[in-house]
Amino acid sequence: MGVSAIRAPDGHGATVVTSQKVREGHEDDYQRWQERTNRAVRAFDGFEGTEMYPPGVGDERAWVVVFRFGRIDQLTTWLESGERRRLLAEGRPLFEGAPSQEVLAGDEAAATEEAAVTAVISHHVLPGHEEDFARWQDKVLKAQGKFPGFMGTELFKPVAGIQDNWVVIFRFDTRRHLDQWLGSDVRAKLLAEGENYFSAYDVHKVGSAFSGWFRFGEDAEGGAPPNWKQAMSVLLALYPTVMVLNLTVGDALEDAGVRGYLSLFIGNLLSVSALTWLLMPLVNRGLAFWLVPSRALSVRTQVVGTVLVVLCWALCILIFGLTTG
């Protein structure tokens with residue numbers, strides 16, 4: 001696996017974005033392998049967190065994993081460690097082709113976390129065409145700015161002796177808007193022009209944290225809502241679910257003598273199932289006016305939806321407070 005690192009001027013914060021195309025039928029094996037990797041990386045100094053994003057529509061079984069460290073040297077220690085090399089050798093039979101990754105350092109990398117959908121594109125620029133590529137990228141940025149949902153972009157230049165590729169990160173408010181740009185005739189023409197300046201490029205899309213729970217059908221424009229709305233909505237469905245299960249199934253399992261660790265697993269299984277197939281679809285329908293980005297365009301709608309969710313939180317707390325004593 002080739003590693004490319006980009007250092008920001010202040011040298012603070014480092015994120016590695018890895019895309020791995022998993023062989024068909026090996027998804028469960030891959031997730032177990034990734035969990036072993038997650039446990040291993042937690043033992044390294046500077047580790048701050050990780051996110052794993054399953055394949056989206058059209059992503060051809062490509063799983064995206066993000067690791068965050070406090071500093072670039074701490075991330076480099078993990079990337080070059082014997083433990084990581086051992087895990088990569090162990091997981092290699094699960095992948096179709098070599099996994100690819102980009103390492104981003106500095107505040108720009110952290111900014112991607114807030115976007116609904118982020119694309120990371122790595123370009124191998126032809127020697128002697130660096131200035132041409134930079135000018136071409138400016139043209140791309142101007143074209144992107146005319147498309148709906150565009151939120152911003154960052155360009156990471158190569159660093160001598162560390163990495164060779166130029167990396168571009170750009171964000172759209174929804175996956176649909178991102179896909180509109182990626183599949184547009186405007187971008188196709190720009191790519192044809194850019195072939196004079198780079199020999200290859202890779203595109204990786206990173207979705208939002210709870211995107212699997214926020215589907216509004218093919219006819220709903222705007223795709224997934226922002227992460228903060230998703231988190232508020234998940235909490236709205238999760239809190240009463242956990243409380244009800246604790247008061248019913250939890251008490252029954254405790255009376256039956258089921259051990260705590262097994263009781264917790266059963267409770268989590270039931271709560272995730274309830275959210276996935278029952279409660280989140282209901283929340284989506286009830287709050288669609290606020291969750292679907294193309295509908296929540298006015299400040300009034302944003303405020304009304306937010307206040308409504310907070311009031312529902314308060315009502316749940318009041319009900320359980322009165323009923324449980």
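Predicted model: local features only at pLDDT ≥ 70, side-chain atom pairs only at ≥ 80, totals over all residues.

Reader: Why is Asn38 called buried?

Author: Buried means under 20% relative accessible area. Asn38 has 9% relative accessibility, so it counts as buried. Leaving aside neighbours within four places in sequence, Asn38 is in contact with Thr50 and Phe67.

Reader: How do you know how α1 and α3 are oriented to each other?

Author: Helix α1 (residues 27-41) and α3 pack at an angle of about 180°, and their axes are 11 Å apart. Angles over 145 degrees count as roughly antiparallel, and α1 and α3 are therefore roughly antiparallel to each other. On the α1 side the contact is made by Trp33, Arg36, Thr37 and Ala40, and on the α3 side by Glu83, Leu87, Leu88, Glu90 and Gly91.

Reader: Arg84 is an arginine, so I am curious about that one. Is Arg84 buried or exposed?

Author: Arg84 lies in helix α3 (residues 82-91). Its relative accessible area is 8%. The cut-off for buried is under 20%, so Arg84 is buried. Arg84 and Val41 are 43 residues apart in sequence, with their C-alpha atoms 8.2 Å apart in space.

Reader: What makes one side of α2 a buried face?

Author: In helix α2 (residues 72-79), the buried residues are Ile72, Gln74, Leu75, Trp78 and Leu79. Looking down the axis of α2, these buried residues fall within an arc of 160°, so they line one face of the helix.

Reader: Why is Val186 called partly exposed?

Author: Val186 has its place in helix α7. Partly exposed is what falls between buried, under 20%, and exposed, over 50%. Val186 has a relative accessible area of 39%, so it is partly exposed. Setting aside residues within four places in sequence, Val186 is in contact with Ala143, Phe147 and Trp181. Val186 and Val140 are 46 residues apart in sequence and 9.1 Å apart in space, C-alpha to C-alpha.

Reader: What makes α8 and α9 oblique?

Author: The axes of helix α8 (residues 227-255) and helix α9 (residues 260-286) come within 9 Å and cross at roughly 140°. Roughly antiparallel needs over 145 degrees; α8 and α9 are therefore oblique to each other. Residues making the contact include Ser233, Val234, Ala237 and Leu238 of α8 and Ser263, Ile266, Gly267 and Leu270 of α9.

Reader: Still in α8, why is Leu247 described as partly exposed?

Author: Leu247, found in helix α8, has 41% relative accessibility and so counts as partly exposed. Exposed would need over 50%. Not counting residues up to four places away in sequence, Leu247 touches Phe320 and Thr324. Leu247 and Thr324 are 77 residues apart in sequence, yet 8.8 Å apart in space, C-alpha to C-alpha.

Reader: On to the cysteines. How many disulfides are there?

Author: A disulfide is a pair of cysteine sulfur atoms within 2.5 Å, and by this rule the count comes to zero. For Cys312, the nearest cysteine sulfur is that of Cys316, 6.8 Å away, and Cys312 is in no disulfide. Cys316 is likewise in no disulfide, with the sulfur of Cys312 as its nearest, 6.8 Å away.

Reader: Which words describe the accessibility of Cys312 and of Cys316?

Author: Cys312 is at 27% relative accessibility, so it counts as partly exposed. Cys316 is at 16%, so it counts as buried. The cut-off of 20% falls between those values.

Reader: To finish, what does the chain contain in helices and strands?

Author: The chain has eleven helices and nine strands. Buried residues make up 42% of its 325 residues. Among contacts between residues at least 6 apart in sequence, 71% join residues at least 24 apart.

Notes. Residues numbered from 1 in each chain as written. Heavy atoms only, no water. Buried < 20%, exposed > 50% of the residue type's maximum accessible area, 1.4 Å probe, protein only. Helix = DSSP H or I, 4+ residues; strand = E, 2+ residues; numbered from the N terminus. Arc of directions from axis to C-beta. Axes fitted to C-alpha atoms, helices over the stretch in contact; angles between N-to-C directions. Parallel < 35°, antiparallel > 145°, perpendicular 65-115°, else oblique. Contact = heavy atoms within 4.5 Å.
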